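Good morning. Please have the sequence and the picture in view.

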Amino acid sequence: ISKHALRTLAYIAKSEGITKRQLFLKLGGGIYEDVAELVEKGFATQKKTGRTKAVSTTPKFRTYFGQEKQ
């Protein structure tokens, strides 16, 4: 995972279910490439929410980074 994508992933994990629009406002335009990379590698999923998409972490993320879902 690239350094920038890892930063985006940390923000997604902190704000589970955050929209791409909110990510864009916080982290800038690079998040679109980051989210695509994270989805491709199985660490994040996207779900359509109105005109944007909500981004969440996956079980692979929780296993890889040793985090249990509460």
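**Helices and their buried faces**

I start at the end of a helix: α2 is followed by Gly28, whose phi is positive, near 95°. Helices here are DSSP runs of H or I with at least four residues, strands are runs of E with at least two, and both are numbered from the N terminus.

Before going on, a word on the source. This is a predicted model, in which local features need pLDDT of at least 70 and side-chain atom pairs count only at pLDDT 80 or more, while totals for chains, interfaces and linings use all residues. Residues are numbered from 1 along each chain as its sequence is written, and side-chain values use heavy atoms, with hydrogens and water left out.

Which residues of α2 are buried? They are Lys20, Leu23 and Leu27. Buried means under 20% relative accessible area, exposed means over 50%, and partly exposed is in between, with a 1.4 Å probe and protein chains only. These residues cover an arc of only 55° around the axis, so they sit on the same side of α2. The arc is taken from the directions from the helix axis to the C-beta atoms. An α-helix has 3.6 residues a turn, so residues three or four places apart point the same way. The buried residues of α2 pack against α1, β1 (18-19), α3, β2 and β3.

Now α3, residues 31-40. Its buried residues are Ile31, Asp34, Val35, Glu37 and Leu38. Seen down the axis, they fall within an arc of 160°, so they line one face of α3. On the other side, Glu33 and Glu40 are exposed. The buried residues of α3 pack against α1 (3-14), α2 (20-27), β2 (44-49) and β3 (52-57). After α3 comes Gly42, with a positive phi near 85°.

**How the helices meet**

At what angle do α1 and α3 pack? The angle is about 80°, and the axes are 9 Å apart. That makes α1 roughly perpendicular to α3. Axes are lines fitted to C-alpha atoms, for helices over the stretch in contact, and angles run from 0 to 180 degrees between N-to-C directions. Under 35 degrees counts as roughly parallel, over 145 as roughly antiparallel, 65 to 115 as roughly perpendicular, and the rest as oblique. In this pair, His4, Ala5, Thr8, Leu9 and Ile12 of α1 touch Ile31, Asp34, Val35, Glu37 and Leu38 of α3; contact means heavy atoms within 4.5 Å.

The axes of α2 and α3 come within 10 Å and cross at roughly 125°, which makes α2 oblique to α3. Lys20, Leu23, Phe24 and Leu27 in α2 meet Ile31, Tyr32 and Val35 in α3.

**The core and two other residues**

The largest nonpolar core has 13 residues, and those with the most contacts inside it are Leu9, Ile12, Leu23, Leu38, Phe43 and Val55. Such a core is a set of buried Ala, Val, Leu, Ile, Met, Phe, Trp, Tyr and Cys residues joined through side-chain atoms within 4.5 Å. The elements that give two or more residues to this core are α1, α2 and α3.

Thr19 lies in strand β1. Is Thr19 buried or exposed? At 15% relative accessibility, Thr19 counts as buried. Phe65, in the segment after α4 (59-64), counts as partly exposed at 38%. Leaving aside neighbours within four places in sequence, Phe65 is in contact with Leu6, Leu9 and Phe43.
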